[in-house]
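This briefing is for a reader who is new to the structure shown below. Please look over the sequence and the model before reading the notes.

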Amino acid sequence: MIKVENLTKRYGGFTAVNGISFEVGKGEIVGFLGPNGAGKSTTMRMLSCYLPPTSGRAEIAGFDVFKQSLKARERIGYMPENVPLYSDMRVTEYLRYRAALKGVRGRRMKERIGDVMDLCGLRDVERKLVGNLSKGYRQRVGLADAMVHEPDLLILDEPTIGLDPNQIRQVRELIKNLGRHHTILISTHILPEVELTCSRVLILNRGRIEASDAPENLRARLHATGDVRLEAKVADLEKAKDALAEIAGVRSVTATEEGEWAVFAVGTEIDADPREAIHALAVKQNWPVRELSRNRVTLEDVFTEITHPEE
Amino acid sequence: MRKFFTLWKREVAMVFRSPAAYVILFFFLLLTGFNFYQTVNLINQSGMPRLSVLEVYFNTPYFWFGFVLPFPLITMRLFAEEYKLGTIEALMTAPVRDTQVLLAKYLGALFFYVVLWAPTGLYFLIFWWQTGLSAGSSPGVFIGSYAMLLLLGMFYLAIGCLASALTRNQIVAAIISFVAISLLFFWGLYSLWFPNVSRLLREFTEYFSPIAHMASFSQGLLDTRPVVLYLSLTALTLFFTFQVFQYRRWKV
């Protein structure tokens with residue numbers, strides 16, 4: 001659906017996107033991650049035919065975004081960052097105008113506008129002026145606009161920015177449902193959202209693609225497993241540490257004391273899960289245990305590891 | 001074509017929905033009405049050469065003042081507002097051609113210009129109804145005056161369009177077009193202010209003088225030279241606007 005080869009965008013001396021290449025297949029939901037200024041919006045603007053690339057090429061459904069821009073645009077539903085809308089129009093009027101621009105006419109226009117309004121929950125504001133809508137509704141109008149001509153590809157630039165947690169959940173559900181019929185490219189800062197909705201993640205940093213994989217594979221790539229945490233009452237801290245260190249798969253053990261409880265952070269080797277052995281040890285030694293858990297590696301850790309914000 | 005019409009309707013709707021349009025219309029009518037009153041007064045003065053109402057109406061300083069003023073106001077928001085609000089991004093990612101957008105905006109502005117001037121026709125109708133006399137000596141006078149009004153309007157609206165495409169700030173756009181239109185306009189007065197200039201320079205400035213053009217057209221003397229001049233200048237300015245519009249996207 002999307003094919004990008006060596007896509008580059010330079011603004012004067014600044015390179016916003018530096019020769020990226022990737023492909024997105026039909027039906028995929030791809031999350032675009034990256035710190036601010038990584039080139040996400042610029043890439044999306046080039047894909048949606050708004051900005052011409054400095055060099056390289058991009059194809060949408062087989063149409064070049066620069067040479068066959070009109071054909072490509074017919075197949076894209078694009079929702080720009082911050083959702084610019086004409087504030088003097090009413091919701092239905094705006095959608096009718098946008099549908100007409102995208103070549104949806106007559107009976108089909110009526111059907112489509114009804115469909116997207118139901119889908120995005122816009123029925124109760126259809127007569128309102130766009131300028132008077134709340135942020136959440138504006139976002140939904142933008143989404144409805146992007147979908148109104150039944151595009152093959154949806155490009156959504158930060159669709160959940162500025163929404164409250166309930167609205168974010170609603171939009172996330174909506175996007176998940178859309179994924180059944182559309183290919184979706186979505187950029188966001190909210191990492192749990194990506195884990196919940198996307199089948200693949202592209203991490204962009206300083207105009208380059210740093211990683212491209214399924215969220216669970218990315219996690220696996222960072223560390224196969226996380227550290228294990230054990231909180232127990234032990235007689236002798238040092239002896240307990242040594243005992244834990246002897247378990248197979250354990251790389252390191254550090255211990256701290258919290259009152260009468262000892263807290264162990266057990267570093268593990270790749271692909272090892274020593275929890276069962278730790279439990280067995282605790283039973284054997286008769287340690288009262290109040291917690292035995294493993295920290296899951298989150299996408300946030302992956303993100304931090306890959307983009308190195310501290311540099 | 002359908003998309004162009006959708007875009008054009010949107011432009012017209014946007015104008016007539018803003019209160020500013022009615023403020024402009026109101027004061028414009030006040031000004032043109034005052035001009036008409038002054039015209040009739042002037043003609044009634046003794047010692048005036050025999051001129052038709054139309055001829056006087058389209059050549060008074062009041063007319064020119066009212067004529068130049070609305071252009072920056074009509075055109076300043078065309079592109080600047082879309083840049084500022086970011087709606088240009090939504091607009092240009094829809095499958096519409098750049099030329100369609102440009103022409104829709106330009107012709108939308110032209111439509112408002114026509115609406116602005118159309119009521120002045122009523123003045124001459126009222127004059128005819130009250131006095132039983134035609135305001136112009138022949139149909140050519142009407143055709144000439146309004147044709148020149150349209151030609152000049154087309155060119156100056158194109159300048160305003162260009163100014164608006166250059167910036168995201170409406171005030172800046174208004175100032176650019178106001179200065180450009182004023183310069184072009186006063187260029188024609190050059191030989192009037194400096195009567196001792198050479199014949200060549202006088203002829204040259206008169207060739208570009210809207211005042212000279214209007215003077216001859218409002219007598220019913222339809223000259224093809226100004227027609228060609230203004231049509232080609234309009235086309236050229238719109239071509240520049242198109243280039244600027246595209247260039248900004250390359251740059252932004």
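The notes below cover a sheet, the helices lying across it, and a chain contact. The model is predicted. Chain A holds an open sheet of four strands, and chain A and chain B bury about 2,700 Å² between them.

**The sheet in chain A**
- The strands follow the order β12-β13-β11-β14 (chain A), with antiparallel pairing.
- Because β12 (250–258) and β14 (289–294) of chain A each have a single partner strand, they stand at the edges, and one side of each has no neighbour in the sheet.
- On average, neighbouring strands of this sheet are turned by 15° against each other, direction ignored.
- Strand β11 (residues 228–232) of chain A runs antiparallel to β14(A) and is joined to it by five bridges.
- Val228(A) has Arg294(A) in β14(A) as its bridge partner.

**Helices across the sheet**
- Helix α9 (residues 237–245) of chain A lies across β11, β12 and β13 (261–268) of chain A, at about 155° to β12(A).
- Helix α10 (residues 275–285) of chain A lies across β11, β13 and β14 of chain A, at about 165° to β14(A).

**The contact between chain B and chain A**
- Chain A gives 27 residues to the contact and chain B gives 25.
- Carbon and sulfur atoms account for 58% of the buried area.
- Four salt bridges are found across the interface.
- Glu93(A) forms a salt bridge with Arg17(B), with the closest N and O atoms 2.4 Å apart.
- Ten residue pairs are in polar contact across the interface.
- On the side of chain B that touches chain A, α1(B) gives the largest share, seven residues.
- By class, that side of chain B has twelve nonpolar, four polar and nine charged residues.

Definitions and conventions. Residues numbered from 1 in each chain as written. Chains lettered and ligands numbered in written order. Predicted model: local features only at pLDDT ≥ 70, side-chain atom pairs only at ≥ 80, totals over all residues. Heavy atoms only, no water. Pairing = 2+ DSSP bridges. Helix = DSSP H or I, 4+ residues; strand = E, 2+ residues; numbered from the N terminus. Axes fitted to C-alpha atoms, helices over the stretch in contact; angles between N-to-C directions. Contact = heavy atoms within 4.5 Å. Buried area = accessible area lost by both parts, 1.4 Å probe. Salt bridge = Lys/Arg side-chain N within 4 Å of Asp/Glu carboxyl O. Polar contact = N/O pair within 3.5 Å; in protein donor to acceptor, adjacent residues only side chain to side chain. Nonpolar A, V, L, I, M, F, W, Y, C, P; charged D, E, K, R; others polar.
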